[in-house]
Amino acid sequence: MKSTAEFSTTAQFAELLKFNVAYLARTIDGVQYEKFFVRPEGRGNPAIWILGHLVLNRGEIVEMLGGDPSTRDLGDLFARGTHPLSDPKAYPKPSQLMTRYIRLAGLTDQILKDCGDDILGRPAWGQFDTLGQSLSFSYMHETHHIGQITYLVNLPSVRAPKKQTAFARPEQKKDSTTKIVLDSIKSVFSS
């Protein structure tokens, strides 16, 4: 039987945030260094900026939960309102940012699992009244940016499209049972 702590809202937040870490790590795995600096349409934020922004966001989560984020050195590069720089040397390496993100994720997980749900009702600094509201927004914000990175790294200019296997070629596909059934139903209604 699961304990009450495993069903707590803070434990659920911890699980959601852990999923983001795993998903992000899998998404950027294998992306070549120079591809982190591709700006969509020459003006959008490159993946390196979004990754650094994610580290800052996770640092804010740690800080709002009472931990030390150790991310103050990243604000000039990745805070909201900053503009991406064209010199890749101005940025930490993507692997360094990901290491920091994973470390902050471990802190987030530990803090959320060690505290009770009462922390969510505490007053928050910033635009929200409670810590729970701030945490909800921060989770949504982080997930949004992970979606952006997913989109960016899958652009043809960033990652070459996967080769089509012989099985996936349209001329060699076999009809599935579902397709056969649907075609049969369509033929009944079209006559």
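**Exercise 1.** In this predicted model, find how many residues apart Asp109 and Lys113 lie, and in which helix.

*Solution.* Start with the helix: both Asp109 and Lys113 belong to H4. They are four residues apart, about one turn of the helix. Their side chains meet in a salt bridge, 3.6 Å from N to O. Next, check accessibility. Asp109 has a relative accessible area of 17%. Buried means under 20%, so Asp109 is buried. Lys113, at 39%, counts as partly exposed. Finally, look at shared partners: salt bridges join Asp109 and Lys113 with Glu15 and Lys18 into one network.

**Exercise 2.** Describe the salt bridge of Glu15 with Lys18.

*Solution.* Take the distance: the closest N and O atoms are 3.3 Å apart. Now the spacing. Glu15 and Lys18 sit three residues apart in helix H1, so about one helical turn separates them. Both ends are partly exposed: Glu15 at 38% relative accessible area, Lys18 at 35%.

**Exercise 3.** Which parts does the salt bridge of Arg100 and Asp73 tie together?

*Solution.* The side chains meet at 2.8 Å, N to O. Arg100 lies in helix H4 (residues 94-114). Asp73 lies in the loop between helix H2 (47-64) and helix H3 (75-78). The pair therefore ties together parts 27 residues apart in sequence. Asp73 is exposed, at 53%.

**Exercise 4.** Work out how helices H1 and H5 are arranged.

*Solution.* The axes of H1 (residues 9-28) and H5 (residues 131-153) come within 10 Å. They cross at roughly 15°. That angle makes H1 roughly parallel to H5. The crossing is left-handed. Contact residues include Phe13 and Leu16 of H1 and Leu135 and Tyr139 of H5. The contact divides into 11 nonpolar, six polar and one charged residue.

Key
Residues numbered from 1 in each chain as written. Predicted model: local features only at pLDDT ≥ 70, side-chain atom pairs only at ≥ 80, totals over all residues. Heavy atoms only, no water. Axes fitted to C-alpha atoms, helices over the stretch in contact; angles between N-to-C directions. Helix = DSSP H or I, 4+ residues; strand = E, 2+ residues; numbered from the N terminus. Parallel < 35°, antiparallel > 145°, perpendicular 65-115°, else oblique. Left-handed = near helix turned anticlockwise from the far one by under 90°. Contact = heavy atoms within 4.5 Å. Nonpolar A, V, L, I, M, F, W, Y, C, P; charged D, E, K, R; others polar. Salt bridge = Lys/Arg side-chain N within 4 Å of Asp/Glu carboxyl O. Buried < 20%, exposed > 50% of the residue type's maximum accessible area, 1.4 Å probe, protein only.
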